[in-house]
Amino acid sequence: VSGPGDRALGRIVIVDDDPFLIEQLTWALKGRFVVASARDATQGRALCESDSDLYLFDLRLPPSNEVREGLDLLRHVRRRDPEATVVMMSGEGERAHVLEAIALGAFDFFRSPWTRPSWSSSSSAPSSAGGSWRRIASCGGRRARRWDPSS
Amino acid sequence: MAAPSRPPSKLRSTLDGVLVHDIKNISFRLRLLLSNLEDHWEDPEFRRTVRELLASTAERLETIVGRFAAHEGGVLIKVALDVNGLLRGVAERPARRGRAARSARRKLALGAVPRIWGDPFYLGDAFASLLENAFEAAGPEGTVLVRSHAGGTARRPRVLVEIVDNGAGMTPEFLRDRLFKPFETTKPGGVGLGLSTASQIVRFHRGTLRILSHPGGGTLVRLSFPAVAAEPA
């Protein structure tokens, strides 16, 4: 739920079946993003009906726990908004899935586990996700500028 | 009477795959937690989430260790096994931690059967997995029936075990494409390992596992094992 003070914040949609992971991501993004989260693809799809600055999806999601759930969500969001920035997460990192996600327009693909995510950090600690994030943050466009932590 | 058998290498590799998957997820959680500690430790609400995450993670690790300890060594020790005794023991066990309570009605119909060459530990695990599936499918109002009877021929006697539930059943597509694949599950929070592992354990006993199911019509799991003849398989 957004309050008046949240106007300067970006909106991020996170869809992951692990509630503890969602909770920690929410803490990591506190003060930078308003987080809308869901634990399965069906609820996730409903959240994606409102515009967001960023989308973070796990690859395998309920209800089927198949990789296609995450990819379908990515496809859905990109069809709705061809400029949407979608980042996929997966502990598996199967090459075929990564390539498919990128072909569908995923901005990037995090192979979890990552080290300290750079969006939550004022330092420039190098990390696997940090590299991805810096590229996201430097990609230009209104969305990137809105939530670039260095801006 | 006991005879070591070949190591179930495929079973181990399936378990290893699941181990990697689970540990990556745990590592992901902990890394993120670590990155948040510095910024949010002063916030009591954050400290509450830390406690909950650590408790949940410890429980998950214990589950992984339990799963692996159960298959330590990777060697089957087959003995001339009384299948009925094993089924009775497994059916009377309470549900494992984290699994649905076994509230469905249970019926045992165990006929006179010859012994089979089997590893009571592995086979007990496979039976337990199949029973857990049946109890979960049947739900609190349903019934789970476990029966055994002799089959095969006089020259090649077999022991047949059936686990039947009157739950929701499965679609032909699910049965064909996903049922036996590791990581495939329709259960919230499930890892989808039970049936894939159970089926491998049955194969290591020269047994077969068949499933008959249709939506709305419940599920029948039929296992068949060669009875003790001259030497262990």
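Tutor: Helices (H or I, at least four residues) and strands (E, at least two) are DSSP runs, numbered from the N terminus. This is a predicted model: local features need pLDDT of at least 70, side-chain atom pairs count only at pLDDT 80 or more, and totals for chains, interfaces and linings use all residues, while side-chain values use heavy atoms, without hydrogens and water. Residues are numbered from 1 along each chain as its sequence is written, and chains are lettered from A and ligands numbered from 1 in the order in which they are written.

Student: Where does Asp18(A) lie?

Tutor: Look at strand S1 (10–15) and helix H1 (19–28) of chain A.

Student: Is Asp18(A) buried or exposed?

Tutor: Buried means under 20% relative accessible area, exposed over 50%, and partly exposed in between (1.4 Å probe, protein chains only). Asp18(A) has a relative accessible area of 3%, so Asp18(A) is buried.

Student: Which residues does Asp18(A) touch, not counting residues up to four places away in sequence?

Tutor: A contact means heavy atoms within 4.5 Å. Within chain A, Asp18(A) and Arg39(A) are 21 residues apart in sequence, with C-alpha atoms 7.0 Å apart. The residues that Asp18(A) touches, leaving out those up to four places away in sequence, belong to chain B: Asn25(B) and Arg29(B).

Student: In what order do the elements of chain A run from the N terminus on?

Tutor: Chain A has six helices and five strands. Of its 151 residues, 53% are buried. From the N terminus on, the order is β-α-β-α-β-α-β-α-β-α-α.

Student: With which residues is Arg75(A) in contact, leaving aside its neighbours within four places in sequence?

Tutor: Arg75(A) sits in helix H3 (residues 67–80) of chain A. Its relative accessible area is 29%, so Arg75(A) is partly exposed. Its C-alpha is 10.0 Å from that of Ala103(A), 28 residues apart in sequence. Beyond neighbours within four places, its contacts are Glu100(A) and Leu104(A).

Student: What pattern does chain B follow, read along the sequence?

Tutor: Chain B has six helices and eight strands. Of its 233 residues, 44% count as buried. Read along the sequence, the pattern is β-α-α-β-α-β-β-α-β-β-α-α-β-β.

Student: Among contacts in chain B between residues at least 6 apart in sequence, how many percent join residues at least 24 apart?

Tutor: Chain A gives 52% for residues 24 or more positions apart, among contacts with a separation of 6 or more. For chain B, the share is 73%.

Student: At what angle do the axes of helix H3 and helix H4 of chain B cross?

Tutor: Axes are lines fitted to C-alpha atoms, for helices over the stretch in contact, and angles run from 0 to 180 degrees between N-to-C directions. H3 (residues 83–92) and H4 (residues 120–138) of chain B have axes that come within 10 Å, and the crossing angle is roughly 50 degrees.

Student: Why is H3(B) called oblique to H4(B)?

Tutor: Angles under 35 degrees count as roughly parallel, over 145 as roughly antiparallel, 65 to 115 as roughly perpendicular and the rest as oblique. The axes cross at roughly 50 degrees, which makes H3(B) and H4(B) oblique.

Student: Which residues of H3(B) make the contact?

Tutor: H4(B) brings Pro120(B), Leu123(B), Gly124(B), Phe127(B), Ala128(B) and Leu131(B). From H3(B) come Val83(B), Leu86(B), Leu87(B), Val90(B) and Ala91(B).

Student: How far apart are the C-alpha atoms of Ala104(B) and Thr143(B)?

Tutor: Ala104(B) is in the loop between H3 and strand S3 (105–110) of chain B. With a relative accessible area of 6%, Ala104(B) is buried. Beyond four places in sequence, Ala104(B) touches residues including Phe135(B), Gly142(B) and Thr143(B). Ala104(B) and Thr143(B) are 39 residues apart along the chain, yet their C-alpha atoms are separated by 5.2 Å.
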